[in-house]
Amino acid sequence: MAYQVAIGLGVSIPIEAKINASDQQGQCYDYYPYARNAKLIYLTKDGRAPSEYSRKAVNGVEILPGERIRRVSWAKICDWLETVSGTPEQIRQYTVALRSF
C-alpha cells in the first residue's frame, strides 16, 4: 500500500505500508522524487529496513539513501494510538487486530 501525505508548503511525506508483502524492484526508489523534502516512511510489522532491491532504481545504478528512510513498525503506531486520550473502542479493536498479525 502506498500513501502520500501532503502537509502544505510543498512538503509531502510518502508512506510505504507493508503487512505481508515483499519488496518490489525499485519500489522505494520510486518515492525518491516525492521524498526530497521529507523522509520516506517505511511502515512494516517489525520496523525492518527495505531491501536494496527495493531501494535501487530499476536501472540498477541510483539508490535511495538509507538516511532518507524512516523505519516505523505497526506496533509503534498501535502504541501511539493507545496513548491518545479518549481512544474510541473502534481504534482499540483495530490495534488489537494489528498486533495479532
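Ser 54 touches Asp 23, Gln 24, Gly 26, Gln 27, Cys 28 and Tyr 29, leaving out residues up to four places away in sequence; contact here means heavy atoms within 4.5 Å. This is a predicted model, in which local features need pLDDT of at least 70 and side-chain atom pairs count only at pLDDT 80 or more, while totals for chains, interfaces and linings use all residues. Residues are numbered from 1 along each chain as its sequence is written, and side-chain values use heavy atoms, with hydrogens and water left out.

**Overall layout**

Let's step back to the whole chain. The protein has three helices and four strands, and from the N terminus on they run β-β-β-α-β-α-α. These elements are DSSP runs numbered from the N terminus, with helices being H or I of at least four residues and strands being E of at least two. Of the 101 residues in the protein, 35% are buried. Buried means under 20% relative accessible area, exposed means over 50%, and partly exposed is in between (1.4 Å probe, protein chains only).

The accessible surface comes to about 6500 Å², and carbon and sulfur atoms account for 56% of that. Areas come from the Shrake-Rupley method with a 1.4 Å probe, and for residues only the protein chains shown count as cover. Among contacts between residues at least 6 apart in sequence, 62% join residues at least 24 apart.

**Around Ser 54 and the cores**

Ser 54 itself sits in helix H1 (residues 52-55) and is buried, with a relative accessible area of 0%. Its partner Tyr 29 has contacts of its own: leaving aside neighbours within four places in sequence, Tyr 29 meets Ser 54, Arg 55, Lys 56, Ala 57, Glu 62, Ile 63 and Leu 64.

Tyr 29 also belongs to the largest nonpolar core, whose nine residues are Cys 28, Tyr 29, Tyr 31, Tyr 32, Leu 40, Tyr 42, Ala 57, Leu 64 and Ile 69. A nonpolar core is a set of buried Ala, Val, Leu, Ile, Met, Phe, Trp, Tyr and Cys residues joined through side-chain atoms within 4.5 Å. A second, separate core of eight residues includes Ile 41, Leu 43, Cys 78 and Leu 98. As general background, nonpolar side chains tend to be buried together in soluble globular proteins.

Cys 28 is buried at 0% relative accessible area, and Cys 78 counts as buried at 1%. How many disulfides are there? The count is zero, taking a disulfide as a pair of cysteine sulfur atoms within 2.5 Å.

**Thr 95**

Apart from neighbours within four places in sequence, Thr 95 is in contact with Cys 78, Leu 81 and Glu 82. Thr 95 counts as buried because its relative accessibility is 0%. The side chains of Thr 95 and Glu 82 make a polar contact of 2.9 Å. A polar contact is a pair of N or O atoms within 3.5 Å; within protein, one must be able to donate a hydrogen and the other to accept it, and residues adjacent in sequence count only if both atoms are side-chain atoms.

The whole structure holds four salt bridges, each a side-chain nitrogen of Lys or Arg within 4 Å of a carboxyl oxygen of Asp or Glu. Some of them are listed here.

| Salt bridge | N to O distance |
|---|---|
| Lys 18 and Glu 16 | 3.7 Å |
| Asp 23 and Lys 18 | 3.8 Å |
| Glu 52 and Lys 56 | 3.4 Å |

Glu 52 is partly exposed at 47% relative accessibility, and Lys 56 is partly exposed at 28%. Salt bridges that share partners join Glu 16, Lys 18, Asp 23 and Arg 48 into one network.

Arg 48 lies in the loop between strand S3 (40-44) and H1, and is partly exposed at 32% relative accessibility. Setting aside neighbours within four places in sequence, Arg 48 is in contact with Lys 18, Ala 21, Asp 23, Tyr 42 and Arg 71. A polar contact of 3.2 Å joins the side chains of Arg 48 and Tyr 42. Arg 48 and Arg 71 are 23 residues apart along the chain, with 6.6 Å between their C-alpha atoms.
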